[in-house]
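Subject: Structure handover

Hello,

Please find the structure below, with the sequence alongside. My notes come after it, in the order in which I would read them.

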Amino acid sequence: MNTFLFAVVPYLAVVIAVVGGIARYRWDRFSYSSQSSQFLESRKLFWGSIAWHYGVLAVLGAHVLALMFWDAWGKMLSGPTRLYSFEVAGLALSWLAFGGLAFLLWRRLSDSRVRTVTSPMDWVLLVLLLGQVGLGIWMALGYRWGSDWYLHTIVPWIHSLFALNPKIGYVTALPDVVKAHAVLGFFLMALFPFTRLVHVVTVPITYLWRPYQVYLWNRRASRQ
Amino acid sequence: MDIRAQVSMVFHLDKCIGCHTCSIACKNIWTDRKGSEYMWWNNVETKPGTGYPTQWEDQQKYRGGWEREGEGKLSLKLQGRGRALGNIFANPYLPTIDDYYEPWTYDFDELFNAPEGDDQPTARPVSMITGEPIDIEAGPNWDDDLGGSTIYAANDPNLEGLSSDERAELNELERMVFFYLPRICNHCANPGCVAACPAGAIHKRGEDGIVLLNQEKCRAWRMCISGCPYKKTYYNWATGKSEKCILCYPRLESGHAPACFHSCVGRIRYLGLVLYDAAAIKDVAARPDEELVEAQRAMIKDPFDPEIIELAQANGITPDQIKAAQDSPVYKFVKVWKLALPLHAEFRTLPMLFYVPPMLPVLATLKNGRYDVDGANKNGGTEATGLPSISNLEQSRVPLRYMANLFSAGNEAIVAEVYRKLNAVRVHMRQQKVGNIPESEVAEALGAAGITADEAEAIFRLTAMPTFQERFVIPPLLRDQAFEAQLGDPFTQKREGGFGFRAAPERRW
């Protein structure tokens, strides 16, 4: 069971995410959209969406940074004050994301206009995301100093996954909450191509440098 | 100079009767779908009035268009590039559906299926979004024909700068005045929607300047809706994609006028090619307000000038297209006669749809139960004819200030010049047809307008009795060549070229 969850599921998830994402982009590009409902309801969305997105981006970013620069991350936390401030900041941001998402879920449930533009997948996604952030907060409260022990459990496990040599021993002994958080994370990754989550990979970063005006020529294949 | 061609338009407001045929023609072809019920790519609004969406001209509220930041510098009024990404999770200036109206239908089944009772069954209004019964509180033409009203028109942003006397005059009973303003996408030379789109999903077609929105690239970041100061990009709430007027390009490419142009009952619409200098766009759009109209006119180049023709051909504009630009009614109205003006030039998007402002009823007040035309005897004509002086139109019912706010970025001199010309044409033609105006007054009117009798005649002809071919000079858009350039073998379009979407444009996930 542990082998399936920690050595098979991650690979499956990545394959489904990549193949599914590319296939959807190739054959159903029209559906790549953030499906914003701000046009139907703007005030509540502001409070929910801003809190959720900035909260989750910061927390998720921390996960990824620690994964990539584990050494520097460890040094950064080497001191009780720093560790403490990091934990507090992380927890606060998680609560921000959780609160924002819960607010968004309530908005979808209570606003009849927004409810009509909500697909079954949207409900699944909202509940799962809320559960995932909830698990994270539970962990942060129940198993303190995760920003540090993460470096010695999850990080080497994921590195071993990257090396195509899964060492599940790093995670099998962890509490169930942590395991659930990790597995659900990969499950969400697998869910990515089947939900509105696809908008995550279309962040329009090129807007920062592209020329304001876009010309397309019918009779030549060039811009400008 | 970088000479490009632009399919450009003129709407002659004197001829608009406000019948909304154009809106219906457009709706039946393009926006009769779920999620687009509330969209009117072509709408007709009453001025003075707040329009659709409500108060769209108020850029303090909607932040559309560009702002001048000193000499030669422009910035999007909405936000900078960095803030665009920062605001992507919630656009603080996005209008919501309530700024337009909630689309509705009626519960017609009730009329047939209601159980027998003492009362006639009624068809209740039902929201087309939620399907629930609603109270109708706004519609696409909610303030139609209510010009001068204290409830609706009083909120018109163009009334800024009018004295309270002038405002009061607009409301005077039996003297209420209004005119119609049909609006479509302006296919601007410096479009705000294109610049505001983070995904780069909106583009201007190089060959003809039509602004199109690629729905496969749109990611619903919704900045275009704010970025367009005319509110002519719309968000389809059902598909999660933005949409806009496509100037009926499939019709244009096969030589037909766009549906709204074709169906126009008052024949107010003109369409034709103009050649303009794309290299000048930035400089023109950054001029001070009062110079904007003149600068935009200067940006449009003379298609008879050999130097311009040579530059145009170097840019791939064909001789047929240059011929179309020479015959263009738009060129005549905008550049030769300088009668047609851009709507709200101060938004700095360089709109390529121009309006001939409406001649207004004569200024008159009720005195002793009779209309007394103010200043009627100033030019001498009225005593002889017993008619209101048609030379005094500059003292019009709607203050020039109002017209200047709409059509010349506040520069009253430009609007006054247009009215002097329109007036001269009217005086001249009245003298020709009826003959009850002294020659001296005709000469005075023409002199004041700075046009000759021949020009007046030509303006009259193209205004009052143009043929279909004179109104719509549709250039060859060479769709066949475009296919060859993009796809190689033109026959590939049978399959690979496709007919557009092969799957229904609706949400599936």
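Predicted model: local features only at pLDDT ≥ 70, side-chain atom pairs only at ≥ 80, totals over all residues.

Chain A

Chain A has 224 residues, of which 26% count as buried. Its secondary structure consists of 10 helices and 1 strand. Along the principal axes, the C-alpha atoms of chain A fill a box of roughly 60 × 40 × 35 Å. Among the contacts in chain A with a separation of 6 or more, 79% are between residues 24 or more positions apart.

Which residues of helix 2 of chain A are buried? They are A:Leu45, A:Gly48, A:Ser49, A:Ala51, A:Trp52, A:Gly55, A:Val56, A:Val59 and A:Ala66. These buried residues pack against three other helices of chain A, namely helix 3 (70–76), helix 4 (80–110) and helix 8 (154–162).

Chain B

Chain B has 509 residues, and 49% of them count as buried. Its secondary structure comes to 22 helices and 17 strands. For contacts in chain B with a separation of 6 or more, residues 24 or more positions apart account for 68%.

The chain is divided into domain 1 (1–101 + 138–360) and domain 2 (364–468). Note that domain 1 of chain B is written as two stretches of sequence. The C-alpha centres of the two domains of chain B lie 28 Å apart. Where they meet, 26 residues of domain 1 of chain B are in contact with 25 residues of domain 2 of chain B. On the domain 1 side, helix 12 (292–299) and helix 15 (329–336) of chain B each supply at least two residues. By class, that side of domain 1 of chain B divides into 15 nonpolar, 4 polar and 7 charged residues.

Next, a sheet in chain B. As background, strands of a sheet pair through backbone hydrogen bonds, either parallel or antiparallel. In what order do the 5 strands of the open sheet in chain B lie? The order is 13-12-1-15-14, and the pairing is mixed. Strand 13 (300–301) and strand 14 (341–342) of chain B are the edge strands, since each pairs on one side only.

Within this sheet, strand 1 (residues 3–12) and strand 12 (residues 269–277) of chain B run antiparallel and are joined by 9 bridges. One of the pairs is B:Met9 in strand 1 with B:Leu271 in strand 12 of chain B. Helix 13 (residues 306–314) of chain B packs on the sheet, where it touches strand 1, strand 12 and strand 13 of chain B. The direction of helix 13 of chain B makes about 110° with that of strand 1 of chain B.

Strand 12 of chain B is mostly covered, with 8 of its 9 residues buried. Strand 12 of chain B also runs antiparallel to strand 13 of chain B, and 2 bridges join them. Here B:Tyr276 stands opposite B:Ile300 in strand 13 of chain B.

The contact between the chains

How many residues does each chain give to the contact? Chain A gives 44 residues and chain B gives 47 residues.

Strand 1 of chain A pairs with strand 8 (residues 202–205) of chain B in the parallel sense, over 2 bridges. The bridge partner of A:Tyr215 in strand 8 of chain B is B:Lys204.

Regards

Methods. Residues numbered from 1 in each chain as written. Chains lettered and ligands numbered in written order. Contact = placed C-beta atoms within 7 Å. Pairing = 2+ DSSP bridges. Helix = DSSP H or I, 4+ residues; strand = E, 2+ residues; numbered from the N terminus. Axes fitted to C-alpha atoms, helices over the stretch in contact; angles between N-to-C directions. Domains from an automatic or database assignment. Nonpolar A, V, L, I, M, F, W, Y, C, P; charged D, E, K, R; others polar. Buried ≥ 20, exposed ≤ 12 C-beta atoms within 10 Å, placed from the backbone.
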